Amino acid sequence: MGDAIAEAFRLIAVGDAALWEIVSLSLRVSLTAVALACLIGLPLGALLAIARFPGRGALIVATNSLMGLPPVLAGLLVYLLLSRAGPLGPLELLYTPTAMIIAQTVLVTPIIVALSRQVIADMHQEYDEQLRSMGITTTGAVLTLLYDARLSLLTVALAGFGRAAAEVGAVMMVGGNINHVTRVMTTTIALETSKGNLAIAVGLGLVLMLIALTVNGALMALRGTQGVARHV
Amino acid sequence: MSDALVTTGRRALAPARGPDSVLPVAMDRVGYTIDGVTLLDDVSLRIRQGRLTAIMGANGAGKTLCLRLIQGLLHPTAGTLSHASGPVTPTGRRRIAIVFQRPMLLRRSVAGNLRHALKTYGVPRAERAAMLVELLDLAGLRALAQRSARVLSSGEQQRLSIVRALAADPDLLLLDEPTANLDPYATRMIETLIRQAEARGVTVVLVTHDVGQARRLADDVIFLNRGRVTEQTPAGSFFDEPQTAEAAAYLAGRLLL
């Protein structure tokens, strides 16, 4: 175990090409998925927070429930969509990074919708009367709330990133864990552990933790900056 | 912030507003009932162009509710409320600005709050920068433009709220106890701002418990007691010869039970 950890640090320190290729692909897939999920999820969350329409309650329950969507189920759904016989089969996306991005987007979007809805609903309660008195449009209200809740929404995005980066089942199913093509950190850790190659598994685990720490630290620093007196 | 308008006594006559002005605003036998409780009953009043109207009365008399009805945030459950320009649409509501007792400022800088208001009110982009500076100067907040609005003092927050309301270039400005809990210096700055708003042609309705403030500022007084208008009269008459026992007791500082 000690040897494995020492070897892991060595791989990180020397910038092992294979290791960084996997890290790079992982970040590209997860960050793209989170960005897409935010594009879809933040406006939806805001609308769910402030609009009143029949079925809103059911939609809120559905999105809250989908936060717990099992990754393998999301993977299965995307697999069925992208497989040769599926509706999107002709696009030939299965076993590509794009398929992995789609699968992670499916997993992360409900998290973004549900958490952002709660954040924005709380703020809307505070802002509602003022914004209505200004005669603001619904779109204007949504944009105002999204902007003013930006720091809390960053935390929401971070939760989404955590879900995406740590996920194995869905990307394994639609990506196939193909070396140099769709191999990401989590699938590699699973594979290398099963092969008994603990050094690279531990190394990737450390990188994964380092990324989580860096992102959280950056967010905390940003919150600290915004918390003291100066606002944009 | 210039206080010339205060130190010279009565304000300059407000410039006339255009034919699309919401003024006068009239309530005719308006009532407001919620959950079986009547909060306003048979209220008739008129807000006229260029006259500062003070609405006075004890807590729970319905003063703030009157402002919310005039602004269109709530709708009467009885009687009619009419504006000269016709029914108030959501965007037409901008002609009637309201400043709440507790300022609700966005989580932005002082300038950010004003920029948001100018954009919301449809001020052309090219004019926003100049208007921003003008509003900051009007509020006396230029030096604090980049400060978070939420860390300002109560008086500064209230001044920011008032100039934000003025960014809409409203016909009517509704102020709900703008100087509650403020010291005399902060109160004086708010009153100066009210005078300056009037000088811009804005008609002001002021809810206040401060009898001295009403004496200094009001042209007309509406006195509410338990959801009913008991007096509606020029300010001089109200303070010199209140017509009801409730108003006399209120002015004398006796408890209204």
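User: Is B:Gly122 buried or exposed?
Analyst: In this predicted model, B:Gly122 sits in the loop that joins helix 3 (110–120) and helix 4 (125–139) of chain B. Its relative accessibility is 52%, and the cut-off for an exposed residue is over 50%. B:Gly122 therefore counts as exposed.

User: How many Å apart in space are B:Gly122 and B:Ala168, C-alpha to C-alpha?
Analyst: Along the sequence, B:Gly122 and B:Ala168 are 46 residues apart. In space, the distance from C-alpha to C-alpha is 8.6 Å.

User: Is B:Thr187 buried or exposed?
Analyst: B:Thr187 belongs to helix 6 (residues 184–199) of chain B. Leaving aside residues up to four places away in sequence, B:Thr187 touches B:Thr179, B:Leu182, B:Gln213 and B:Arg216. The relative accessibility of B:Thr187 is 8%, and the cut-off for burial is under 20%. B:Thr187 therefore counts as buried.

User: Which residue just after helix 9 of chain A takes a positive phi?
Analyst: Helix 9 of chain A covers residues 185–195. Among the buried residues of this helix are A:Met185 and A:Glu192. Just after helix 9 of chain A, a positive phi of about 85° is taken by A:Gly196.

User: Is A:Leu39 buried or exposed?
Analyst: A:Leu39 is placed in helix 2 (residues 17–50) of chain A. Together with A:Leu36, A:Ile40 and A:Leu44, A:Leu39 forms a nonpolar patch on the surface, with about 370 Å² of accessible area in total. Because its relative accessibility is 65%, A:Leu39 counts as exposed.

User: What area is buried between chain A and chain B?
Analyst: The contact draws 19 residues from chain A and 25 residues from chain B. Carbon and sulfur atoms give 49% of the buried area. The area buried between the two chains is about 2,100 Å².

User: Which residue of chain A meets B:Arg107 in a salt bridge?
Analyst: Between chain A and chain B, the count of salt bridges is four. In one of the salt bridges, the side chain of B:Arg107 takes part at 3.1 Å, N to O. The partner in chain A is A:Glu126.

User: Which helix of chain A gives the most to the side of chain A that touches chain B?
Analyst: Between the two chains, 12 residue pairs are in polar contact, both residues being at pLDDT 80 or more. On the side of chain A that touches chain B, the elements giving two or more residues are helix 5 (97–133) and helix 6 (138–148) of chain A. With eight residues, the element that gives the most is helix 5 of chain A.

Definitions and conventions: Residues are numbered from 1 along each chain as its sequence is written. Chains are lettered from A and ligands numbered from 1 in the order in which they are written. This is a predicted model: local features need pLDDT of at least 70, side-chain atom pairs count only at pLDDT 80 or more; totals for chains, interfaces and linings use all residues. Side-chain values use heavy atoms; hydrogens and water are left out. Helices (H or I, at least four residues) and strands (E, at least two) are DSSP runs, numbered from the N terminus. Buried means under 20% relative accessible area, exposed over 50%, partly exposed in between (1.4 Å probe, protein chains only). Contact means heavy atoms within 4.5 Å. Patches are made of residues with over 30% relative accessible area and no salt bridge: like charges are joined within 9 Å, nonpolar side chains (Val, Leu, Ile, Met, Phe, Trp, Tyr) within 5 Å. Accessible areas come from the Shrake-Rupley method with a 1.4 Å probe; for residues, only the protein chains shown count as cover. Buried area is the accessible area (1.4 Å probe) that two parts lose on being put together, summed over both. A polar contact is a pair of N or O atoms within 3.5 Å; within protein, one must be able to donate a hydrogen and the other to accept it, and residues adjacent in sequence count only if both atoms are side-chain atoms.
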